[in-house]
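User: Hello! I am new to this structure and would like to go through it step by step. Could you show it to me?

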Amino acid sequence: MRFERSHARRAVALAVTSGLVLLASACGGDDGDGGGGGEAAGGALEGRGPITFATGKDTSGNLVNQVAAWNSQHPDEKVEIKELPESADAQRQQMVQNAQAKSDAFSVLNLDVVWTAEFAANRWITELPEDQFPDLGKLLPSTVDTGKYRDKLFAVPVTSDGGLLYYRSDWLQKAGVQPPKTWDEMKAACDKVLALPEAKGASCYAGQFEKYEGLTVNFSEAVNSAGGVVVGEDGKPNVDTPEALAGLEELVNGFKNKEIPAAAITYKEEEGRRAFQEGKLVFHRNWPYVYALAGKTDGSSKVAGKFQVAPLPGKSGPGVSTLGGHNYGISEFAKNKATAADFIKFMSSEERQKANVEKTSQAPTWASLYDDPALNKQFPYLAPLKASIETAKSRPKVIKYGDVTTAIQDAAYGALTNKTPPKQALTDLQTKLSSLITQ
Ligand code: GLC
């Protein structure tokens with residue numbers, strides 16, 4: 001008891017200090033709008049009782065089970081799921097509106113990895129004392145990094161995400177081709193596969209090209225996989241380059257040459273998954289969650305037992321994934337923050353993550369789960385997934401991420417829909433990003 005109390009006092013002290021640091025930095029001309037305001041001690045993780053959990057539409061189907069496991073053990077601290085839309089941008093919009101209204105309607109937030117800087121700088125989420133999350137050192141380091149802002153912890157990684165190339169192993173085998181390592185190999189494989197009678201009417205490839213966060217992901221992967229960058233290691237945008245152009249042109253030409261079906265301009269993750277499951281694609285770029293769903297033998301997938309995954313292909317060798325994933329943070333305006341912190345600990349525990357992998361094929365953040373021999377045997381996607389995550393590139397870690405991603409989406413969508421020549425789109429994007437990313 002005594003330990004707990006002094007521990008809590010320390011947490012308050014920490015929160016007060018960090019609150020002041022953040023307050024100072026918000027006044028220091030950072031590129032955020034300051035926001036937040038209010039009590040410096042807002043980070044104290046106090047109060048127990050029922051909480052809510054705001055999260056994007058659960059396409060995995062297993063979240064209710066995870067939350068039910070918590071609820072059965074914590075009858076006085078139940079978690080109510082507040083399900084938000086499927087698209088990342090729409091989720092962000094609702095969370096931002098909620099935070100701007102200082103509403104306590106959302107306690108724990110399931111945050112896309114790209115939102116940490118914005119939510120932390122605006123103090124919409126509470127800084128988390130690292131010593132209350134002793135298992136952080138056992139998670140993949142790149143995932144922990146996504147939960148930090150200015151070296152301080154604001155959110156705990158619960159799922160990671162790395163892009164994978166799903167392919168029809170039955171068709172490739174019949175056509176006598178190996179999974180491709182480059183875009184040219186992929187197109188050559190399609191020439192052979194699409195000549196098979198069973199592949200009649202299918203298209204070569206699709207990713208996510210609707211105008212939303214998934215397009216930022218797919219555009220960044222194309223640029224990185226051609227040797228370019230959107231924002232360089234030095235934090236500066238550098239997208240008006242021959243390498244970035246080669247990446248964007250690959251996608252633009254894919255649509256022009258009908259290797260990518262015209263319908264893919266409306267694909268988010270779920271539309272792409274359905275097309276692949278219906279047998280309309282030879283190759284499909286998507287996240288690991290698709291593995292379990294496309295493999296279902298209940299009649300919902302036509303490709304169960306007929307697909308495999310490989311690393312993403314690139315221009316002259318293996319491609320580069322964009323790092324995805326989700327971290328749990330606590331709303332600054334929430335009640336019952338002590339319960340919220342415990343719920344985050346529970347959901348990020350090795351036991352819960354293992355249970356989730358077994359059901360959903362979502363990417364865990366615990367390093368040990370990728371090395372577990374039994375799991376690897378059962379889930380052969382884990383090895384290419386780990387490689388995808390370890391070599392993945394992060395999207396820009398900036399406070400104005402909402403504006404940055406909109407600029408990227410505008411540029412990429414303009415080029416893909418033939419409204420802007422690719423070179424022009426990149427020149428314009430460079431100008432726009434340079435004005436948005438000034439630090
Ligand atoms: C997945 C990723 C996330 C990404 C989103 C794009 O949910 O985990 O990081 O932003 O897809 O649609």
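Analyst: Happy to. This is a predicted model.

User: What is the order of the strands in the open sheet?
Analyst: The sheet has 5 strands with mixed pairing. β2 (79–84) and β6 (156–161) each have a single partner strand, so they stand at the edges. Put together, the order is β2-β1-β3-β11-β6.

User: Which strands does helix α2 touch?
Analyst: Helix α2 covers residues 63–73 and packs on the sheet. Its direction makes about 160° with that of β2.

User: How far apart are the sulfur atoms of cysteine 190 and cysteine 204?
Analyst: Cysteine 190 lies in helix α7 and cysteine 204 in strand β8, 14 residues apart. Both cysteines are buried. A disulfide here needs sulfur atoms within 2.5 Å. This pair forms one, with its sulfur atoms at 2.0 Å.

User: Where is the pLDDT below 50?
Analyst: The protein chain averages a pLDDT of 91, and 90% of the residues score at least 70. Where pLDDT is low, the predicted coordinates should not be read in detail. The stretch with pLDDT below 50 is residues 1–43.

Note on methods:
Residues are numbered from 1 along each chain as its sequence is written. This is a predicted model: local features need pLDDT of at least 70, side-chain atom pairs count only at pLDDT 80 or more; totals for chains, interfaces and linings use all residues. Side-chain values use heavy atoms; hydrogens and water are left out. Two strands pair if DSSP finds at least two bridges between them. Helices (H or I, at least four residues) and strands (E, at least two) are DSSP runs, numbered from the N terminus. Contact means heavy atoms within 4.5 Å. Axes are lines fitted to C-alpha atoms, for helices over the stretch in contact, and angles run from 0 to 180 degrees between N-to-C directions. pLDDT is the predictor's confidence in each residue, from 0 to 100. Buried means under 20% relative accessible area, exposed over 50%, partly exposed in between (1.4 Å probe, protein chains only).
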